[in-house]
Amino acid sequence: MPIAYETLYKEASKAQKKSYSPYSNFAVGCALALANGTFIYGANIENASYGASICAERVAMCNHKINGPDESQVITVAIIGPSSECITPCGICRQFLREFLPLDTPFVLFNQDGSKHRVTSLEELLPDSFGPDHLH
């Protein structure tokens, strides 16, 4: 059953509030919606060395791998950023998520106030991707 956009926005916003982004002031939140009705959260965590920072999407997937059920249970990825436009995951996050999610996994991307959203998929975000299935 599809999840209402309002719910996805609310859950991604909840994650965004946990961001530690004192250098960029660009707080991002990610909520992984699971088939059992629960959510796994991630927020970007910055570091003074910049390179040691980690994005919300990777934090969410790491939380899921450590604390959640099997990754096949992720039915939607919701992402919010502090912008008037919808933001997309960076290239590293796209490749990282490719390791764990089917290419047809829906992504719902929100702008800060929720007045805009964009629905896409991992395959659209990372066309002609290389993944674990290429190694077997």
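Predicted model: local features only at pLDDT ≥ 70, side-chain atom pairs only at ≥ 80, totals over all residues.
How many nonpolar, polar and charged residues are in the lining of the largest pocket? Lining the largest pocket are 16 residues. F26, V28, N44, C55 and A56 are the closest of them to its centre. By class, the lining splits into nine nonpolar, four polar and three charged residues.

Now turn to the helices. Helix α2 covers residues 56-67, and helix α3 covers residues 91-98. Their axes come within 9 Å. The crossing angle is roughly 20 degrees. Angles under 35 degrees count as roughly parallel, so α2 is roughly parallel to α3. The crossing of α2 past α3 is left-handed.

Which residues make the contact? From α2 come E57, R58, M61 and C62. From α3 come I92, C93, F96 and L97. Sorted by class, the contact of α2 with α3 has six nonpolar residues and two charged ones.

Conventions. Residues numbered from 1 in each chain as written. Heavy atoms only, no water. Axes fitted to C-alpha atoms, helices over the stretch in contact; angles between N-to-C directions. Helix = DSSP H or I, 4+ residues; strand = E, 2+ residues; numbered from the N terminus. Parallel < 35°, antiparallel > 145°, perpendicular 65-115°, else oblique. Left-handed = near helix turned anticlockwise from the far one by under 90°. Contact = heavy atoms within 4.5 Å. Nonpolar A, V, L, I, M, F, W, Y, C, P; charged D, E, K, R; others polar. 1 Å grid on protein atoms, 1.4 Å probe; cavity = no way out; pocket = protein on both sides within 12 Å on 5 of 7 lines; lining within 4 Å.
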